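This briefing goes through one protein chain by topic. Please keep the sequence and the model open while reading.

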Amino acid sequence: MTATGTGTVPTGIRLTAPAPGWAIDADVVVVGSGVAGLTAALRCAAAGRRTVVVTKARLDDGSTRWAQGGIAAALGEGDTPEQHLADTLVAGAGLCDEDAVRTLVTEGPAAVHRLIGTGARFDPTPGGEGIALTREGGHHRRRIAHAGGDATGAEISRALVAAVRAAGLRTIENALVLDLLTDERGRAAGVTLHVMGEGRHDGVGAVHAPAVVLATGGMGQVFSATTNPAVSTGDGVALALRAGAEVSDLEFVQFHPTVLYLGAEAEGQQPLISEAVRGEGAHLVDADGHRFMAGQHELAELAPRDIVAKAIMRRAHETGTDHMFLDARHFGAAMWETRFPTILAACRSHGIDPVTQPIPVAPAAHYASGGVRTDLWGRTTVPGLYACGEVACTGVHGANRLASNSLLEGLVFAERIATDLTTDAPDADAAPGEQGGATAPDTAASPGTPPWAPAAPEGTPALPLLAPEARTQVQRVMTDGAGVLRSAGSLARAAAALDRLHQDAAAAGGDGAPDLKAPEPGVEAWEATNLLCVARVLVAAAQRREETRGCHWREDHPGREDAAWRRHFRITLGTGRTLAVHTTKTAAFPPTAPGPSAPAPGAPSA
């Protein structure tokens, strides 16, 4: 992709796919079934909006269920939102949007109590008079509420799924969202999707709605080893880019420092060893038992994740290995069995007993701190398109997410989106997000696409599909060139390899490459294409950021350079499939309404 200086405009780019063969209508369509998606859907439905939830797997199989540690909020005695704010800003390494963080920590405690009111059950204190709280990396106080010991996400998912089913919301499970539909004014008008396991291999339908909420989770599958489930293929970010929305901070991929090490060739989803294990007193040691985090940071093993991940990698290089160890043998069997039963079972299933052995650990891709850029109400730069949860970039996380802030961010900003969508507005012609209302026209469900929500017009360029077998190539390229350690050379090699994959996909079936057969439209090809799209944008951003900040580690630029780089990239995809890269003037984001901005260093001006 080539950087240009153009502003945000609708691209008309879409995935290669048939036209929708069926359609349903709604006021709001929510894509995703984690804490962010289901919270937004429940609040919208409670306000009387016809809400449809589309989810890629089963309703209870979103990314939220994999969250072990907990949800952070100033709930404990002596703790305050201001202290939570301070810890979040430190972890974000100078790139947090302070207004967004203040919104998160101020509204967070009440949002957690509303979640409890929805049915979530957190572990109580020994006396049962309150919520048990623990510490994790970067937190100076115990403010992490957990459930089932280390099954917080599963409990939150259980409660929200039960509430959705009790409310009778319409859901479409096992459905991969493809592209955004827009009306004649360029506003969101629904999504196209494919329901897996039903109908044709390439069958496509549509949900028509004037408000679309992306809550699709992350993109960890862009790397070979990740804590993310197989469904985390960056679908929401890729959809938003094709729709002309801005994305920001994609270079800041958090590598969780303590993932169960299963060997250098391990690929796919890897077992996470929650930060809460260190919060309860586990130590990081090398093969000789030396505790190497002591003296590295005032919080030692509880330093922010980027600092711990870098320390592990440095010590591994110094000792000629590729992993370290987490020693929690002093917990004893009873504590492991009651506080961390999920982690204990995962370790034992791989032949490691944490009660008697140090746990081999290494960093792996865990969380995308960036995503689709939004304002404080979840509005993107495309009218009517909202985003919340990991797919969004609210400005809360900056260059590195503070532990257990992710569930809280999904919860708080999902509620804010619902507020924006369900506030009555006097201007009936205003787009969702401009005046707050969202109501679909009075049209019956019918096959095809009604006039108010046209699909891409004739002649719109379809994005060439990547062959499904190239997915592993994308992952290996990204792991080698854009993983924990990056440099100009590694990123250049990654960019070149990704460009070759893109060019091969574009040439497949054409006169220039008669031997390359274009893949058939289908889930595997659509996912691989989305991964390639987000990978190329991530690498482009990482190449431009010539400093080390947060979870972006440039070996050739080891220092943090606030004067030049304490700002965000705002990236869009143009009609010619070129990137427009601009920067903000400060760490604060401008309004999401499109407008001029300064081009990034190295990017041609408009």
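Does Asp 87 count as buried or exposed? At 7% relative accessibility, Asp 87 counts as buried, because the cut-off for that class is under 20%. The model is a predicted one. The chain has 606 residues, of which 60% count as buried, and its secondary structure comprises 14 helices and 27 strands.

**Surroundings of Asp 87**

- Asp 87 is part of helix α2, which covers residues 81–91.
- Not counting residues up to four places away in sequence, Asp 87 touches Gly 138, His 139, His 140, Arg 141, Arg 143 and Leu 402.

- Among contacts between residues at least 6 apart in sequence, 72% join residues at least 24 apart.

**Nonpolar cores**

- In soluble globular proteins, nonpolar side chains tend to be buried together.
- The largest nonpolar core here has 85 residues. Ile 172, Leu 180, Val 207, Leu 214, Val 474, Met 478 and Leu 498 are those with the most contacts inside this core.
- Helix α13 (residues 523–544) gives the most to this core, contributing 15 residues.
- For Leu 180, leaving aside neighbours within four places in sequence, the contacts are Ala 188, Gly 190, Val 191, Val 212, Leu 239, Ala 243, Val 382 and Leu 385.

**Helix packing: α3 with α10**

- Helix α3 (residues 98–118) packs on helix α10 (residues 405–422) at an angle of about 85°, and the axes are 8 Å apart.
- Because angles of 65 to 115 degrees fall in that class, α3 is roughly perpendicular to α10.
- From α3, the contact is made by Ala 100, Thr 103, Leu 104, Glu 107, Gly 108, Ala 111, Val 112, Arg 114 and Leu 115.
- From α10, the contributors are Asn 405, Leu 408, Glu 409, Leu 411, Val 412, Phe 413, Glu 415 and Arg 416.
- By residue class, the contact of α3 with α10 holds 9 nonpolar, 3 polar and 5 charged residues.

**Helix packing: α5 with α13**

- The axes of α5 and α13 cross at roughly 75° and come within 9 Å.
- These two helices, α5 and α13, are therefore also in the roughly perpendicular class.
- On the α5 side, the contact is made by Asp 235, Val 237, Ala 238, Leu 241 and Arg 242. On the α13 side, Asn 530, Cys 533, Val 534 and Val 537 take part.
- The contact of α5 with α13 divides into 6 nonpolar, 1 polar and 2 charged residues.

**Loop residues**

- Val 231 sits in the loop between β14 (225–226) and α5 (235–243). With 27% relative accessibility, Val 231 counts as partly exposed.
- Not counting residues up to four places away in sequence, Val 231 touches Lys 56 and Ala 57.
- Thr 592 is placed in the loop between β26 (579–583) and β27 (598–599), and is buried at a relative accessible area of 8%.
- Leaving aside neighbours within four places in sequence, Thr 592 is in contact with Arg 373, Thr 374, Asp 375, Arg 379, Thr 380 and Thr 381.

- Asn 174 is not a glycine, yet has a positive phi of about 55°. Its loop runs between β9 (170–172) and β10 (175–182), and Asn 174 counts as partly exposed at 34% relative accessibility.
- Ala 300 has a phi near 50°, again positive in a residue other than glycine. Ala 300 is found in the loop between β18 (283–285) and α7 (305–319), where Ala 300 is buried with a relative accessible area of 14%.

**Cysteines**

- How many disulfides does the structure hold? The count is 0.
- Cys 347 is buried, with a relative accessible area of 0%.
- Cys 551 is buried, with a relative accessible area of 8%.

Key:
Residues are numbered from 1 along each chain as its sequence is written. This is a predicted model: local features need pLDDT of at least 70, side-chain atom pairs count only at pLDDT 80 or more; totals for chains, interfaces and linings use all residues. Side-chain values use heavy atoms; hydrogens and water are left out. A disulfide is a pair of cysteine sulfur atoms within 2.5 Å. Buried means under 20% relative accessible area, exposed over 50%, partly exposed in between (1.4 Å probe, protein chains only). A nonpolar core is a set of buried Ala, Val, Leu, Ile, Met, Phe, Trp, Tyr and Cys residues joined through side-chain atoms within 4.5 Å. Helices (H or I, at least four residues) and strands (E, at least two) are DSSP runs, numbered from the N terminus. Contact means heavy atoms within 4.5 Å. Axes are lines fitted to C-alpha atoms, for helices over the stretch in contact, and angles run from 0 to 180 degrees between N-to-C directions. Angles under 35 degrees count as roughly parallel, over 145 as roughly antiparallel, 65 to 115 as roughly perpendicular and the rest as oblique. Ala, Val, Leu, Ile, Met, Phe, Trp, Tyr, Cys and Pro count as nonpolar, Asp, Glu, Lys and Arg as charged, and the others, Gly among them, as polar.
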